[in-house]
2 protein chains.
Amino acid sequence: MSTALASIVIRDAPGASAESRQRILQAADELGYRPDTRARMLRSRHSRLLGVVFGVQHAFHGDLVSGLYQAADRIGYDLALSAVTPERDEQQAVSSLLQDRCEALILLGPHTSTPYLAELAARLPVVVVARAVRHRAVDVVRTADDEGLHQAVDHLVALGHRDIAHIDGGRAPGAADRRRGYREALRRHGLDARTRIVPGGLTEDDGAAAAQAIVGISAGQRPTAVSVFNDRCATGVLDVLRRAGLAVPADISVVGYDNSRLARLSHIDLTTIAQDTQQITALAITRAVARLDGAAVAHRELVIPPTLVVRSTTAAPPADGAGQRPR
Amino acid sequence: MSTALASIVIRDAPGASAESRQRILQAADELGYRPDTRARMLRSRHSRLLGVVFGVQHAFHGDLVSGLYQAADRIGYDLALSAVTPERDEQQAVSSLLQDRCEALILLGPHTSTPYLAELAARLPVVVVARAVRHRAVDVVRTADDEGLHQAVDHLVALGHRDIAHIDGGRAPGAADRRRGYREALRRHGLDARTRIVPGGLTEDDGAAAAQAIVGISAGQRPTAVSVFNDRCATGVLDVLRRAGLAVPADISVVGYDNSRLARLSHIDLTTIAQDTQQITALAITRAVARLDGAAVAHRELVIPPTLVVRSTTAAPPADGAGQRPR
DNA sequence: TTGAAAGCGCTAACAA
DNA sequence: TTGTTAGCGCTTTCAA
């Protein structure tokens with residue numbers, strides 16, 4: 001039995017008889033043989049390894065990573081994870097993946113500059129997830145965030161709300177699109193004049209601060225509904241509103257964004273906009289592999305529609321119209 | 001210039017003149033040379049790579065991963081991350097790391113059986129973090145969880161509480177020790193008779209359910225303080241208590257565990273027991289490397305004392321002694 | 001269908 | 001201090 005023949009069998013490649021196959025497989029099993037990934041990669045210039053950069057603190061990235069593992073597994077690719085932490089920035093995370101000889105990079109909600117991403121994309125295929133990037137060399141898979149806010153606003157308007165505020169995400173990936181979606185939706189409903197954007201952010205604390213501002217508004221002037229940048233921020237909002245004695249949704253409705261595990265918790269039970277993580281992750285993997293295979297790609301940017309998930313933080317505005325005219 | 005000389009310079013190994021050093025470094029820079037980690041590992045039988053298995057949904061694991069990166073970086077080791085997700089179990093996570101030819105494994109709060117861990121430890125050094133494992137081949141770095149609950153109970157007793165319940169973590173890593181610590185501390189204060197353990201778990205939902213049970217107790221019988229398995233579970237508890245109209249800490253005090261980012265949020269501001277993640281991660285890395293170097297190890301298990309962090313969810317019990325006698 | 005031989009990019013041992 | 005040589009464990013020709 002030559003090593004070459006063994007190689008064929010182990011890789012499940014064509015060109016070995018059924019008999020040899022069985023014998024080699026059995027021997028391998030007895031010896032506890034494990035192919036050495038490094039040697040294999042060294043020789044075959046083809047690692048079947050996709051690098052993923054994610055934020056270790058982001059619950060939503062966790063959901064994406066789960067989906068990526070599944071999608072990669074289905075087509076026989078492996079994932080190399082590299083975390084962004086408070087002390088480890090995206091460039092460090094990327095550079096460790098490059099050393100691992102990944103074939104392509106998948107970046108979750110990266111904050112790095114477009115020029116840097118472009119430079120990276122010149123070296124290997126780069127797929128950015130959950131953030132818009134305007135550069136012809138960078139592939140993007142993201143949710144139609146403007147559409148998400150249309151749905152949120154439409155839902156609230158259908159419930160009877162006229163005074164809807166938006167707590168935004170500042171410079172976070174996706175924030176600009178969501179802000180724009182909010183503005184457009186209000187305009188479509190002829191509510192432009194009531195546009196109110198409250199500075200927020202990604203975290204619970206950002207939401208808490210924004211909610212303080214809203215609580216500070218006199219009852220007659222206060223919005224009857226708030227759409228919030230993301231679920232995490234929305235939980236901060238919920239907490240502050242309730243502690244200030246405002247009932248949700250009786251006094252004020254709240255809509256989140258992401259449909260993260262947080263939103264699904266029974267005691268939070270947040271109405272939110274769900275990003276289709278299964279599809280997003282599947283497309284990200286497919287796209288990365290398509291680039292590796294040199295396949296032609298029709299659309300550089302894949303924009304996935306989100307869906308509204310109604311839970312218990314939205315309802316009709318107070319019957320006395322507390323939010324619309326002074327009592 | 002031979003490749004061997006170049007190798008010496010690139011690795012920053014002794015044995016090259018300052019002049020060659022500079023010339024080679026400059027040439028490498030111009031060519032955009034990056035050493036191929038795989039080839040390097042293949043040759044040197046020594047990957048300087050430590051495998052880490054973590055739960056992608058665990059905020060606390062995120063903190064640990066951050067610390068591990070820092071500690072590994074300091075001694076020139078790299079980390080290979082492998083996530084446990086709802087669809088990817090620990091064994092899968094481990095086996096992908098083995099293929100990557102990691103030199104040692106660091107497992108964060110693993111749920112796998114001791115026999116499996118032992119089998120693993122027979123192949124390469126295994127350091128388990130944040131869970132007790134009784135096996136001579138497996139190293140452990142963990143917090144003195146019983147001590148943590150002593151501190152929580154001591155703090156509450158010092159504030160004047162006599163009726164203190166514990167919402168436990170079931171079969172989660174560390175839960176048994178915390179339960180025991182709670183029991184011991186009550187006994188030490190002569191409060192054995194008031195021992196009350198409420199079934200809980202790791203998640204917000206588990207906490208919410210446990211809190212419902214507490215809310216259901218008639219006011220006179222209700223504990224005036226609760227220590228909770230972890231911060232995540234405690235946030236569920238807080239939410240349900242407050243919604244039921246119980247003020248925290250005025251009516252009831254709550255202590256969490258972990259000092260995770262969650263506890264530090266301004267609107268939660270949870271009194272909690274801090275695990276020393278910096279020290280735990282540093283020791284985990286040190287220990288793994290010590291095993292690789294074949295160093296003698298005095299104590300297989302490193303148990304780190306936690307510290308109490310007092311925030312705003314604990315205070316003296318209600319003046320009317322509502323929790324101690326029927327009104 | 002099988003085996004022999006070459007070599008992926010690097011490092012280690014040795015010789016010059 | 002530098003260069004030569006061999007080989008890590010695998011895959012890939014190519015010839016038998």
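Two residues are in contact if their C-beta atoms, placed from the backbone, lie within 7 Å. This is a predicted model, in which local features need pLDDT of at least 70 and side-chain atom pairs count only at pLDDT 80 or more, while totals for chains, interfaces and linings use all residues. Residues are numbered from 1 along each chain as its sequence is written, and chains are lettered from A and ligands numbered from 1 in the order in which they are written.

Q: What share of the residues in chain A is buried?
A: A residue is buried if 20 or more other C-beta atoms lie within 10 Å of its own, exposed if 12 or fewer, and partly exposed in between, with C-beta atoms placed from the backbone. Chain A has 327 residues, and the buried share of them is 47%.

Q: How many helices and strands does chain A have?
A: Helices (H or I, at least four residues) and strands (E, at least two) are DSSP runs, numbered from the N terminus. By this rule, chain A has 12 helices and 12 strands.

Q: How far apart are the end C-alpha atoms of helix H4 (residues 59-74) of chain B?
A: The expected span of a helix is 1.5 Å times one less than its number of residues. Helix H4 of chain B has 16 residues and should therefore span 22 Å. The distance between its end C-alpha atoms agrees with this, at 24 Å.

Q: Which helix of chain B do the buried residues of H4(B) pack against?
A: H4(B) is mostly covered, with 12 of its 16 residues buried, among them B:Phe60, B:Leu64 and B:Tyr69. These buried residues pack against strand S2 (78-84) of chain A and, in chain B, against strands S1 (49-55), S2 (78-84), S3 (104-108) and S4 (126-129). The helix of chain B that they also pack against is H12 (277-292).

Q: Which element gives the most to the surface near DNA strand C?
A: A residue is near a molecule or strand if its C-beta atom, placed from the backbone, lies within 6 Å of it. DNA strand C is surrounded by 23 residues, and A:Arg43 and B:Ser7 are among the closest. With five residues, the element that gives the most is H3(B).

Q: How many residues of the surface near DNA strand D are charged?
A: Ala, Val, Leu, Ile, Met, Phe, Trp, Tyr, Cys and Pro count as nonpolar, Asp, Glu, Lys and Arg as charged, and the others, Gly among them, as polar. Near DNA strand D, H3(A) gives the most residues, with five. The surface has 10 nonpolar and seven polar residues, and the number of charged residues is six.
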